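Q: Could you walk me through a few surface and interior features of this one? I'm new to this, so please spell out the terms.
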Amino acid sequence: MRLGNPLYVAGKMNYDARQALSAPDPRPIQSLLPFMPSVIRLSAILSALLLTPAAAPAQDNTGAIAGRVIDAATQAHLAGAAVILVGPGTITTVERDGTFDFRGIPAGNWSLNVSYVGYIDQSLGVTVTAGQTARLEAALTPEIVQLQAMRVEGAREGQARSINQQRSATNLKNIVAADTIGTFPDVNAAEALKRLPGISTVRQRGEDRDITIRGAAPNLNAITIDGVSVLSNQVDGRTVSLDVYPAEQLAGVEITKSALPDQDGDSIGGVINLRTKSAFDARGRIVAANAFWHYNDLAAQSSYRTGLNFSNVVGAKGEWGVQFSASRAQRKALEETAEPAGWAVRSGAAANGAYAGYAPNNLSFTYVDIKRERTGGSFSLERKADSSALLYLRASHNEFIERNARPRLVVQNAGAISAASPVTVADGRLIAFTSATVRGQRVVNPRQFTDTGSSVALGGRTRIDDWKLELAGALARGANRQDSVTGQWQTAANTTASFDLTDSERPVITRVAGVDLNDAAAYAFNQLQVQDRRLRNLEYSVKGDASRELTGGGNPLKLSTGFKFRWSPKKWDQENQQYNTLAAGTLALNDARMGGASEVKSGFLGGLMTFGPSVAPYSFYDFAKANRSLFVPNAGTTLQNTLAADYYVSEGIGAGYVMGEWTRRTFTALGGVRYERTTTESKGYRQNTGLATADPARYTWVRHDSAYDDLLPGIHLRYAPRKKLVLRASWNNTLARPQTNRLSPSLNVTTPATPSAADPVMVSGGNPELRPTTSVNVDFSAEYYLKAIGLLSAGYFRKNIDGPVYRRTYDGAYEGSPARLTVFDNAGKARVSGTEFTYQHQLGFLPGPFDGLGIYANYTLVGSEVTLTEPGRAGEKLPLFHQSRQLGNLALTYQKQGVFVRLAYNWRGDYLQALATAGLDQYARGFQSYDLLASYKIKPRWTVKFEATNLDAAPEQQYAGASQRSIYHGDTGRSYALGVIWNY
């Protein structure tokens with residue numbers, strides 16, 4: 001808030017108090033002190049267990065084996081390869097830099113077997129000398145040798161990396177490698193992830209934005225970048241919008257669907273880890289650049305994207321690694337919408353008799369001219385002391401800016417049905433009727449959203465004897481700013497119009513008599529709003545991990561323990577100034593001071609209607625900002641809208657864990673427990689509704705403190721009865737902390753003269769006593785790895801969720817008096833269960849030219865149920881929010897002789913979006929799209945690439961209760977890109 005504005009001087013005392021209370025603590029660790037002793041005691045006990053002497057001293061006539069696994073042709077590291085020490089059957093997995101090691105190996109001659117899906121197994125002999133490390137390198141050859149002069153890095157290589165890393169994991173994971181991301185026409189990380197089984201996205205204005213995992217809404221998932229929290233940039237304080245992160249900046253994405261005890265517990269759906277690139281991902285210098293031209297056919301506008309990545313390994317022994325990446329993109333698009341609203345049952349008598357059925361009251365049409373800009377970069381500096389010691393500094397910053405101008409026509413009072421005209425009813429809806437009281441409203445709403453995500457991490461890991469140690473500290477930041485101006489004009493007189501809602505997604509409106517809604521002179525100024533909203537979300541964290549490899553029953557036993565402290569202050573602050581009248585004179589829609597009337601292009605919604613006049617959005621933005629003295633402020637509405645939603649929530653989370661991993665040849669059992677203690681400080685405004693909205697005394701800045709503990713056990717089993725078959729089972733507990741805007745103690749309080757059970761205090765708002773939603777998760781899966789890079793898998797999962805947060809009304813007490821409370825509360829139970837199927841295969845065994853074909857397919861069937869506690873709907877069962885019953889992907893590829901082509905199909909089913917009155921809950925309609933990518937390597941270092949998305953021009957749609965009652969239809973058109981990629 002800007003105190004220079006006279007409107008806020010009266011509220012200065014409250015504002016200053018709020019600023020003092022919400023100022024960031026300069027010593028964030030202090031907020032963790034209340035529960036650090038509990039975590040430290042737990043870690044000390046666990047560490048003592050690990051300090052127990054090993055069954056056999058590691059230094060007696062033993063040595064070590066260290067090696068690297070690479071592709072014989074490309075020299076690329078083969079992360080995820082399995083290396084077996086023949087004899088004891090000990091298995092280790094190759095790291096992302098291609099390295100592996102065995103410690104405490106008795107001196108003598110040994111054999112190793114190295115396997116990697118899609119490559120020929122290799123056996124190596126090695127001699128171990130006491131007190132020394134034997135070094136070797138395994139160079140594997142693909143099962144199908146390509147003899148072409150030019151070889152495309154793409155589907156085969158990306159699938160191989162993903163499949164092998166997934167195969168070697170103890171718990172259930174899905175992994176997307178960077179070169180797999182590059183084979184889809186995906187602009188941001190959310191669009192790349194929707195290709196994985198069980199993953200769906202929340203789509204907004206033509207782009208995928210938020211991630212749902214197996215029916216768990218976006219706010220129920222944890223998202224990290226290189227293990228550091230990615231913080232929310234939305235008002236709820238939990239949901240992370242992944243459209244901020246360019247896909248081309250990533251080395252890969254890892255989704256953990258069954259979290260381990262050493263991972264943060266707030267992951268009911270799963271943990272999404274975005275992996276940035278590292279110099280040690282390759283053996284030498286890499287320089288890659290790209291430049292693309294974009295075109296959207298609905299907007300008929302061009303834009304661009306470009307990126308640069310550099311990494312190199314330097315030093316006398318290749319001990320230093322430096323990596324830098326940068327990207328810049330601009331994307332212009334257009335959305336044209338039809339939005340019937342205010343659906344309700346309307347009944348009466350018309351010219352042709354009695355009628356009853358659903359009909360909307362208002363119909364809105366919006367022309368959204370969109371300009372998106374992404375700027376991002378990452379940097380890492382790493383130093384290897386040896387194969388097991390690493391120091392690193394990693395940083396990233398990404399900024400996403402969207403500007404959209406939103407001229408809107410609102411046809412009001414359509415639901416006032418004229419009795420003098422006939423009404424047609426079909427499928428329980430009024431599909432043809434007339435209203436004589438229609439008014440037109442013209443709205444212009446230019447606005448800008450700026451989302452940023454940043455992180456910096458400093459840490460290192462090393463090995464001391466049979467100990468592995470890691471320590472890291474990090475700072476993460478998420479921010480959002482929304483700057484907008486909204487102007488409204490309304491017709492002064494009524495219009496008689498007929499409505500044809502046979503297709504409610506494309507309503508037809510015909511003027512019969514009265515004011516022409518497309519006449520700019522018919523509109524008079526109605527309202528001005530100037531909004532400035534800001535979210536600041538920070539997290540300071542420090543973590544330490546220690547593990548020790550022992551022997552249990554003659555088999556490898558790895559024990560691990562660790563701690564993590566997180567402190568996260570979140571602040572939402574908004575300024576909302578409202579003006580309902582002019583100080584003097586008039587301000588017509590076509591006033592020359594705002595540049596005159598601006599006509600929206602013809603052909604709106606494919607020729608459905610003529611949109612009519614508006615104000616040039618950005619001219620109006622500049623005019624409104626520079627001429628506020630022309631408008632009379634509404635002091636009460638402004639003060640209330642400015643303060644009511646503000647909040648400050650600070651969370652301190654201390655965690656400790658212990659886990660053990662025991663392996664006997666092809667069987668691995670991992671078990672452990674994580675303890676987390678959360679302390680919360682929340683602040684917001686309490687409103688005394690007995691005072692006027694313009695009275696500063698109405699608003700009191702209040703604070704509330706709370707704390708709770710969670711114990712999160714987990715067991716994960718992996719069994720490979722055959723080399724190509726892997727079976728997994730897991731059980732674990734997870735949680736999701738409440739959305740921070742719902743934790744705010746902001747309340748509206750209406751107090752009667754004498755509160756009683758018959759006349760209670762009426763209270764509504766947030767609830768700082770909310771507890772986390774918890775979940776007990778069970779997973780079973782079977783994976784069969786096919787020759788020539790392939791996978792066939794099936795899985796079943798179930799989540800029993802306790803305490804989902806819903807708004808409910810109940811009788812209780814407030815400050816010692818009887819009260820009726822309408823607040824967010826932990827209520828009811830929910831369940832999610834489903835099955836996942838995946839089939840992917842490079843069909844290189846086919847005769848030429850068909851040996852270049854590949855297929856990728858997955859399908860997920862999910863069911864969920866939650867029992868409502870909403871007033872008037874208690875006991876009703878509905879699916880969880882954002883949970884589609886069916887999800888799927890199908891892609892066909894062809895890769896040969898420098899050519900790569902992929903045709904992909906993605907779909908998701910309908911999902912519940914928001915609750916309303918019974919029968920009118922809001923649903924997002926299922927969405928499907930076809931995408932095409934084609935590339936050709938014209939020279940060893942040069943590739944040209946063509947991309948096409950949403951080939952069928954599928955619209956985004958929503959409905960109220962039944963699919964025939966549309967509330968949103970948005971066309972965004974098709975998008976194309978043509979570019980060039982250079983690698984060195």
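Q: Which residues form the positive surface patch?
A: In this predicted model, Arg103, Arg135, Arg461 and Lys468 form it. Patches are made of residues with over 30% relative accessible area and no salt bridge, with like charges joined within 9 Å and nonpolar side chains within 5 Å.

Q: Is Arg135 buried or exposed?
A: Arg135, which sits in strand β7 (residues 133–140), counts as exposed because its relative accessibility is 61%; exposed means over 50%, buried under 20%, and partly exposed in between, with a 1.4 Å probe and protein chains only.

Q: What about the nonpolar patch, which strands each supply at least two of its residues?
A: Those are β16 (301–314), β17 (320–341), β20 (362–386) and β25 (447–464). The patch has about 790 Å² of accessible area together, and its members include Trp320, Phe379 and Val456. Val456 lies in β25 and is partly exposed, at 34% relative accessible area.

Q: Switching to helices, which residues of α6 are buried?
A: In α6 (residues 617–626), they are Pro617, Phe620, Phe623 and Ala624. These residues are on the same side of α6, because they cover an arc of only 125° around the axis.

Q: And how far apart are Ser682 and Pro745 in space?
A: They are 6.7 Å apart, C-alpha to C-alpha, although 63 residues separate them in sequence. Ser682 belongs to strand β35 (residues 667–688) and counts as buried, at 1% relative accessibility.

Q: What should I keep in mind about the numbers?
A: Residues are numbered from 1 along each chain as its sequence is written, and side-chain values use heavy atoms, leaving out hydrogens and water. Local features need pLDDT of at least 70 and side-chain atom pairs count only at pLDDT 80 or more, while totals for chains, interfaces and linings use all residues.

How values were computed:
Accessible areas come from the Shrake-Rupley method with a 1.4 Å probe; for residues, only the protein chains shown count as cover. A salt bridge is a side-chain nitrogen of Lys or Arg within 4 Å of a carboxyl oxygen of Asp or Glu. Helices (H or I, at least four residues) and strands (E, at least two) are DSSP runs, numbered from the N terminus. Lys and Arg count as positive and Asp and Glu as negative; His and the chain ends are not counted. The place of a charge is taken as NZ of Lys, CZ of Arg, CG of Asp or CD of Glu. The arc is that of the directions from the helix axis to the C-beta atoms.
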